[in-house]
Amino acid sequence: MRKLKTSLLFAACAMAFTTAWANDVDVKTFRYAGPFDLPEPVLIDSTDAQQKSFASESLLNTPLHLSLAQQGRIVNAGNMPTSSAPYALHLLQFNIQNAAYRKVGIELKGLKHYQVYVDNKLVSPSDVALQPQTHNVVIKYLSQKDSTYNLSVRLTNVGDSLTTNTDTRRTLTLSDIQNGLQYYRLGLSANGRYLITNYYDVMDGGYTRYSWRLTDLKTGTIMRETDESMSWIPGTNRFYTIRKGREGRDVIATDPLTGREQTLATGIGEGNITLAPNGEYLILSTSQEGPKEDADIYEITQPEDRQPGWRTRWNLSLVDLKTGLTRPLTFGYHNVSLEDISADGRYILYMVSRSRLEKRPTTVSSLYKLDVKTMQTTCVAHDEGFLSEARFSPDASVLLVKATAEAFSDVGKNVPEGSTPNMYDYQLFALNVSNKAVTPLTKTFNPSIENFSWNPRDGQIYFTALDKDQQKLFRLNPKTNKFTRLNMPEDYVTRVSFAHNAPLAVWYGESASNSDRLYTLNLDNGKSNLLEDLSKLKLKDIDLGTCTPWNFVSSRGDTISGRCYLPPHFDPNKKYPMIVNYYGGCSPVSVYFESRYPLHLYAAQGYVVYLVNPSGAAGFGQTHASRHVNTAGKGVAEDIIEGTKAFLKAHPYVDPKRVGCIGASYGGFMTQYLQTQTDIFAAAISHAGISDHTSYWGEGYWGYSYSEVSMANSYPWTRKDLYVDQSPLYNADKIHTPLLFLHGNADTNVPIGESIQMFTALKLLGRPTAFVVVNGENHTIMDYQKRIKWQNTIFAWFARYLQNNPSWWQALYPEKKL
């Protein structure tokens with residue numbers, strides 16, 4: 001690992017730190033904006049509608065942008081600016097940087113009429129709860145003509161971990177992760193000149209606005225910005241929108257240059273629309289509800305019938321754009337999904353899936369090529385397991401199929417004898433339509449396939465793939481079977497769109513320490529050029545700590561990858577608490593900046609964070625990924641424990657007595673299981689974790705089907721050693737670590753009973769534990785406000801045990817005498 005270098009830069013003209021070693025701290029320096037003169041209103045009447053007389057202090061409620069203060073000039077405490085106007089508003093701003101949760105007082109003297117805002121919220125200054133972050137404090141005061149104001153501001157009950165300053169820099173907060181502008185989708189016109197970018201913007205409180213932008217890449221001109229969705233007509237330079245018409249939905253085509261609109265279709269019913277590349281028709285995917293049951297007493301026909309909407313079935317129709325005729329293409333009760341339309345529009349490729357519970361895999365699929373003119377159907381693959389999706393080659397003679405290694409009679413399998421491939425480790429296959437011959441394309445290729453397309457211009461196959469903990473873009477020459485990894489300037493390539501007739505693509509991605517950035521990609525020379533940097537806006541004035549790779553070689557000889565996140569203004573001479581994060585399941589924890597567990601946010605609160613990707617995850621090769629199967633935590637736990645010990649040995653700035661761990665879902669299971677194997681953790685958190693493999697197998701919506709991945713061909717009645725012996729519940733007496741359970745009570749993936757039963761066991765054993773339920777939330781906490789409370793619960797638990805500060809936890813969950 002590279003040597004860590006730390007430098008702290010202080011701007012004397014803009015910053016005045018006061019270190020809080022005493023109980024009270026005087027604020028000496030502020031930023032000032034004003035005066036904002038206010039005339040006295042014309043008194044039409046002696047009272048208002050509520051029968052109250054005019055009072056000058058009511059002018060303090062006049063709206064004013066508090067952000068103006070942060071661009072103001074520096075002033076010192078003492079005599080404050082006034083105005084020659086009868087009344088004026090003024091803004092004073094300073095920051096409070098606290099490393100721990102604290103309740104403080106803000107004591108003001110010398111002002112008559114004022115308001116105090118902390119992080120843009122009006123507060124009672126006598127009792128302000130401060131979470132560990134940089135807080136923006138604004139004092140809004142009202143002056144009167146010929147008055148003077150000698151201000152002093154004192155912070156009381158500050159403890160020993162607080163500073164004040166007037167710097168414009170700050171640390172990362174949860175709102176920085178939740179809020180702001182990000183990309184959703186993007187698309188290039190056929191000639192590569194025009195770009196459609198789809199954004200979503202999350203505001204305070206969780207309101208989300210979606211917008212679309214049309215850009216001329218040749219001139220850089222923004223041609224249209226709208227809240228109306230835009231998509232390219234395949235193979236053309238015209239885009240289409242869908243609008244509500246008199247008899248249904250209308251499809252409207254638009255020429256970007258002239259703005260001229262043309263109605264392609266009217267009265268389209270509900271369903272998903274896909275336009276054919278030849279412009280002659282569109283495919284409509286429509287749903288049909290299955291039989292209704294009595295709402296009070298009802299039959300469940302099979303395990304998946306518990307899922308809302310499972311009885312709904314999908315079929316395909318074709319809408320002729322010349323005549324408007326809508327004709328059904330498929331009929332039946334099996335689900336049909338549109339996979340692709342050939343470049344000439346002659347054929348569609350669809351998949352039909354059905355359940356087969358008696359044998360693994362429990363879902364099988366068939367692929368069909370349909371001639372839309374003659375309605376002749378060719379079955380290309382029948383009742384194949386392990387399929388994910390498929391695409392036509394440019395001439396429709398070959399299908400490019402994404403599937404797992406066991407598909408097509410194990411032709412792509414590349415694991416040691418006796419091992420089973422990980423079903424989340426995806427491969428690519430070429431399936432010849434005429435003779436049904438299958439060629440595995442990625443059998444010896446380690447990254448796991450994500451999104452893919454066959455480029456008609458150069459005949460190359462482009463795909464994104466999980467490459468260890470990153471996601472990169474690759475090119476495959478189908479003639480030579482040569483792979484090329486394109487040199488992309490971001491760690492995680494999220495989405496790519498290709499021009500149909502030009503050597504150009506657009507893509508966006510992120511890295512461990514930055515949010516979304518948008519690029520063009522020249523396919524001939526492989527060079528990317530930055531178009532737009534949303535991260536620059538999102539992370540403006542934010543100080544992040546460093547993130548660097550940190551790998552180790554396990555006792556089994558495997559190189560286990562990981563990452564190290566350091567706090568901002570890291571001091572190698574200090575002792576820091578540490579949080580260990582992992583998943584441990586079928587996929588790696590990739591280098592997202594924003595995620596459910598934004599690790600830079602934990603570092604911003606004073607923790608060193610060690611992210612470890614133990615063996616068993618996809619993206620490292622089939623052999624590595626197969627170690628997830630039929631181990632139920634064995635090997636994975638050893639990797640995490642060995643990695644944590646090795647990290648502690650290599651980094652003396654971490655306090656080995658203050659190490660916590662956290663994981664969710666399968667990672668929640670790993671949290672529980674780890675505590676039965678080691679005592680190196682001082683605190684642990686399990687979100688939506690599995691405590692008993694048998695109950696999860698039977699009760700979760702996808703319990704038995706996920707067990708096809710993790711417990712392949714193993715069942716509770718055949719492998720007690722996996723389902724019982726490896727379940728934390730049956731080893732609860734070994735746990736002594738303070739363990740917090742978090743769970744949404746609407747979780748259909750891992751039912752809340754998995755936390756209930758383990759919490760009950762630890763309570764009966766008298767072990768330190770807590771259980772916090774998030775009402776109405778499923779497997780992931782999505783509600784904006786609930787996520788804030790959920791995240792603060794995590795921080796408060798770690799602060800209690802890793803920072804010896806129980807005050808935050810007590811504020812959230814005061815002790816109850818029951």
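These are my notebook entries on a predicted model of one protein chain.

**Overall dimensions**

I began with the chain as a whole. I counted 13 helices and 52 strands in the protein chain. For its 818 residues the globule rule gives 28 Å, and I found a radius of gyration of 30 Å, close to that value, so the chain is as compact as a globular protein of that length. The C-alpha trace spans about 95 × 70 × 60 Å along its principal axes. I noted that buried residues account for 53% of the 818. The accessible surface comes to about 36900 Å², and carbon and sulfur atoms hold 49% of that surface. I then turned to contacts between residues at least 6 apart in sequence, and 61% of these join residues at least 24 apart.

**The sheet β23 to β26**

I next followed an open sheet of 4 strands, ordered β23-β24-β25-β26, with antiparallel pairing. The edges are taken by β23 (272-275) and β26 (326-328); each has a single partner strand, so one side of each lacks a neighbour in the sheet. On average, neighbouring strands here are turned by 30° against each other, with direction ignored. Looking at one pairing in detail, I found 3 bridges between β25 (residues 313-320) and β26, which run antiparallel. In that region Ser317 stands opposite Pro328 of β26.

I moved on to β27 (residues 335-341) and β28 (residues 347-355), which pair in the antiparallel sense over 6 bridges. Leu338 has Tyr350 in β28 as its bridge partner. The two strands, β27 and β28, form a hairpin with 5 residues between them. In the turn I noted Gly345, which has a positive phi of about 80°. β28 is also joined by 9 bridges to β29 (residues 363-371), again in an antiparallel arrangement. There I recorded Arg354 with its bridge partner Val364 in β29.

**Helix α9**

How many residues of helix α9 (residues 703-710) are buried? I found 7 of the 8, so the helix is largely enclosed by the rest of the structure. The buried residues are Gly703, Tyr704, Tyr706, Ser707, Glu708, Val709 and Ser710. I looked up what covers them, and the cover includes α7 (666-675), α8 (693-699) and α10 (720-723).

**Cysteines**

I searched for disulfides, taking cysteine sulfur atoms within 2.5 Å as the criterion, and the count came to 0. For Cys547 I checked the closest cysteine sulfur, which lies in Cys564 at 7.6 Å, too far for a bond. I also looked up Cys379, which counts as partly exposed because its relative accessibility is 28%.

**Met230**

Is Met230 buried or exposed? At 4% relative accessibility, Met230 counts as buried. I placed Met230 in the loop between β18 (221-226) and β19 (231-232). Leaving aside residues up to four places away in sequence, I listed its contacts as Ile196, Trp212, Arg213, Leu214, Arg224, Phe239, Tyr240 and Thr241. I finally took the separation between Met230 and Val654, which are 424 residues apart along the chain, and their C-alpha atoms are separated by 51 Å.

Definitions and conventions:
Residues numbered from 1 in each chain as written. Predicted model: local features only at pLDDT ≥ 70, side-chain atom pairs only at ≥ 80, totals over all residues. Heavy atoms only, no water. Pairing = 2+ DSSP bridges. Axes fitted to C-alpha atoms, helices over the stretch in contact; angles between N-to-C directions. Buried < 20%, exposed > 50% of the residue type's maximum accessible area, 1.4 Å probe, protein only. Contact = heavy atoms within 4.5 Å. Rg over C-alpha atoms; globule rule 2.2 N^0.38 Å. Areas by Shrake-Rupley, 256 points an atom, 1.4 Å probe, with all protein chains shown as cover.
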